Amino acid sequence: MVHGRLLMSMARRVFAVFLLLLLYCSGVNAVTCPWEREGLKPWSEAASWETNQVPRTGDVVEIVDDILLDYSPPKMSEVHIVNGARLIWDAQEGSRIELEAGRIHISYGGALEIGGSEPECRYPAFSKAIITLTGQRDEFPNEDDFGQKFLGVQEGGTLELHGADKIAWTKLAQTVEKLDDSSGLIFNHDESDNWDKRMPGLYVYVMNPRTGLPVRSKQFRYRNKRKMELELPAFLRNIRDGMVVMMASRRILFDVSLGFNLTSALEGLNDLGAEHVEEYNLGDAWCMIAVKGIPNISQEARSSVKGFLYTETWLVTLEHEGFYYQVQSGVALSHASPGAENYVRFRVLDRVVTPIITVIDDVTSWEAGDRIVVTSTDYAWTQAEERNLLRCDECNANQVKLDKELFYTHWGEVIENVDMRAEVLVLTRNVVVRGEVQDACYGDNLCDRFELDTWGGHIKMQDRFKACKIEGVELCHLGQQVYEGSYPIHFHMVKNVSDYASDTVIRQNSIHHSYSRCTTLHMTHGLKIYDNAAYLHIGHCYFLEDGGEKGIEFDGNIGLGTLSGTILPSDRIPSTFWITSPLSFLRNNVAAGSDGRGIMYVFPVEPRAESQAWGLLELGEAARTPIHQFENNVAHSNRRAGLWLDNILGQDGEVLRRGNSYKPQVQFPNGTVAPKEVILSRYTGYKNMVQNAWLRGSPVTMEKSSFSDSPLGVTFSIAGGHPQYVRDSVFVGQSENIGEPAVVLDRETRRYVYIPRSVPSPRIDRPVTGALFYDRPVYFENNWFGGYATDAYRPAGAIGFKRRDRGFSSSTNGVRGAMFGFTDGVDGNRMLDGDESVPGFGDEGGDKNKVMTDYDGSITGTAGAFVVKQRQFVNTQNCYNKTNWNLAVCPDRMAKIKIAERSQSDDDLIEDIYMVRDDFSGHLEYFDGNTNIGMLVINKYKYTLHFVGPSPDHVTFLLDGFEIGDKVRVGICFPKDTTSFTIKKKFFGTNFVYATSIEDFEEKSLTSHLVAYWDSSTGLLFLYFEGKYDREDGDDNSCPGKKCPKIIIDRNDGSMSAATCYTDAYGPYATDLVPPDDTALTPPDAADEIVTPEPSADLGAGPTKPFLIRSKPTA
């Protein structure tokens, strides 16, 4: 019987032969592939060389004729391709041709070609072409512009690398579950009674060969002398013959520096069949499986190789009496991800498991023996798993067979329009460029920071090269941490590649185990980076260097395993996609796991370093330039944020911790400018440990996006006063994708706690919120929320406010068209807040004065209701408390008074202030003077304002959210010896009317928008102000027409010392609580709530692959 996968392969071969016959019969000339050109001289023949001698080991080779590399020559010192010569790989059937050299230099019309760009000339899949860049650091001298251990292309040079056409990555079509007792798993250490053991030392299991289950287990701490010298030997002696013994070291097996006598212990291990345990050194990983009394069948592994995450053994397996015993040891390295932990793995299976996984694409281009990676769909990206492919005749075109089971569950579903399907990427290519590396760090190679050898090779393109295409290539062990500028693929100041005669593209490559970045574009414009897969790299991965790069297209790329680096200060918190220029196109990309952020936009004030002098962007231009394209990008399993748009890139490559002031605009031909809305479309963020998205900029809108399983969904931060929106999106708090059970150390009991689903942080009580309000003004419109139920560990709510906030936020922030997939207070919470008594929340000034407007009643059931803290100072008798939200719902209109300036003799004052509400005068509401003070006030209510410390002689108030009909009375405390004030206003329409008494003041307030009265007996300057402008439909600015009223008070005389008015004021101005009126609200009946069980298909990003758009937006 011919199975599907084999049939597909046969069909492709038959079609290829048919096509060639058709071309021949029709008289069309077949394409001549590079290795078929006439006049090529075989490398292997002496006559091909001017010296009449084939190059020997260590030679410096200069290629001046067209040479066909027809075999693997000995290792060269250097290879120079010059003067129009070409070095071309032969493509003999089944050949493996490798060129090893310390450096390869292409210049002056020289070319290196492996395969061709035409489909029929891609390097044949049945052949293998390898370039290995050799040498340890300083084995060869530095070469100007290139350094050491490089493949370098200078002026006139050509690099054409065309591996076989192979899909770079795909997605699971269905969830792949980890093994359980129904699929062959008999025993698993992590699910045993020893799940909470974490101490370093030797772990031993004695297994019953008839059941495959443990009869005894013990841990021997390496620092405990009695255990190592006496108990371990006795334990091993007392094991009965025929029992299976599984052993592995966790972090440290033993330490000879402690001076213990380990002779008896080693003899016991040797009796079981150990042969390498005495070779153990600190830092090694070691494990073993044996059958007591049958030492010749034991299986043992020891490893000292320093990897990117671990020194680890292979998965040692022993089949015995129908059971398959597995054991493995991994030692987390000091440079590894914080998510990498020392581990031991003990498992018993009752069958050989070689699972077939189903993906969404045709992967018949993947071959048996290929190495693949299945990404994590949990918080820890380190759950990504590498496997080899086996031949699978029974597989369909979209299936592959793995050489062993997956240890973690990998999600393969789109849940509530959130695409959480694991990505599957293939690392293997038939064209390889790699660096020769050592098993561990050596010499002066930052060994105090990295335990592995980070001196790889690198590819560098210089200005005025002739042509470059790198596609279908495997690039591994490239990049160097010691020197800036040595990367797997580096375009260095080549300017606009669109000006080159040949299309320049980096496509379908596998870039893995890289020591510095993945692709680096430095003062390079117009380059296409398509469909690449990057795995395990140090520092930022897809990297724009100086911020002046223009027109770069990142499309269909994936990166994961982004580790902290040292090249630039910003590499300490790396990003898989590091975008320093808004003039970039980002579509269809995936950031699937970083020790920092997934996608980061950070712009310099002006292009940095070498690009600064070229006038690529004017000073501040990046901060006002619209992002060219952001469409269908994914970020998951990142340790910080999935998507980040904020901060400023410093001139030394550091991230300046201040806001980016991103205010995109468009300039018209007449020189005028106007705000230009940037739309971030179809973003998917899930399982990011801190937050799915943080965005600073306005006007910026996020639309049709999906957020899930992160403590924070999306937060917009202020940059300019234009409204910011999140529309037509999906928010999920905790999804069906429960991840791996978490083991968390309880800080109080010092015991490990087992939690049945994964958590993003050891702080398991961290709240979960989807849409967060912060700064101003932000609107969430037509969004669906689900999965926001408080569980046994942490509170949850769909909508909330930025926590521990000391700053100012708009009083007009709000929601329209919210939909919920749960019943509020039953199986979820529509909103959530708290104070310092609730873990994760604070009690800062900004926290106390948060407010949100439910414009259409889709949250509270009352259109126009304000949601505020459950605090009397900001509540009225018309409000009701929502206890499951920790918030109050009020019908009364509210606005904010912001103290924009406060000074004395031109010196800013930073002392605290407090405010008193006349009908709640026993309470003094304090505000931190070091913050942007925004005082939430209630329409028609009366207040007094008091300064702690010196009295200002200049105060500016900005009124936020005031509309026609909004009115407030405020008495401001100044020294009583003051006799003269100058009061100015803006956006009120009328001037202040001055009253002669409080009664006159109240009378004039009935007919005037602005009234002032100085009460020298109490020291209160009373101001009455009423909003002047009505808000038009569609106006979402903080104030109608962006006209936020301003009041400026200058005190012309009087003392400068602190004024005290409270005692004299209350008294005469104290009143009873304002009673409820006919607008008073009561909680809605739960039966009246509208529940939308599932989001409609037009909400959220939905499936992210296949790609819907593969082009730049039209102008």
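Which residue is the bridge partner of V79 in β6? The partner is I104. The legends below describe a predicted model, in which local features need pLDDT of at least 70, side-chain atom pairs count only at pLDDT 80 or more, and totals for chains, interfaces and linings use all residues. Residues are numbered from 1 along each chain as its sequence is written, and side-chain values use heavy atoms, with hydrogens and water left out.

View 1. Strand β4 spans residues 76–81, and six of its six residues are buried (under 20% relative accessible area, 1.4 Å probe, protein chains only). Strands are DSSP runs of E, at least two residues, numbered from the N terminus; two of them pair if DSSP finds at least two bridges between them. Strand β2 (residues 60–63) runs parallel to β4 and is joined to it by four bridges, and E62 stands opposite H80 in β4. Five bridges join β4 to the parallel strand β6 (residues 96–106).

**View 2. Surroundings of N638.** N638 is found in the loop between β47 (634–636) and β48 (641–649). N638 is buried, with a relative accessible area of 0%. A polar atom of the N638 side chain lies 2.8 Å from the backbone nitrogen of S594, and one lies 3.4 Å from the backbone oxygen of A591. Leaving aside neighbours within four places in sequence, N638 is in contact (heavy atoms within 4.5 Å) with residues including Y379, R597, K687 and M689.

Note on methods. Buried < 20%, exposed > 50% of the residue type's maximum accessible area, 1.4 Å probe, protein only. Polar contact = N/O pair within 3.5 Å; in protein donor to acceptor, adjacent residues only side chain to side chain.
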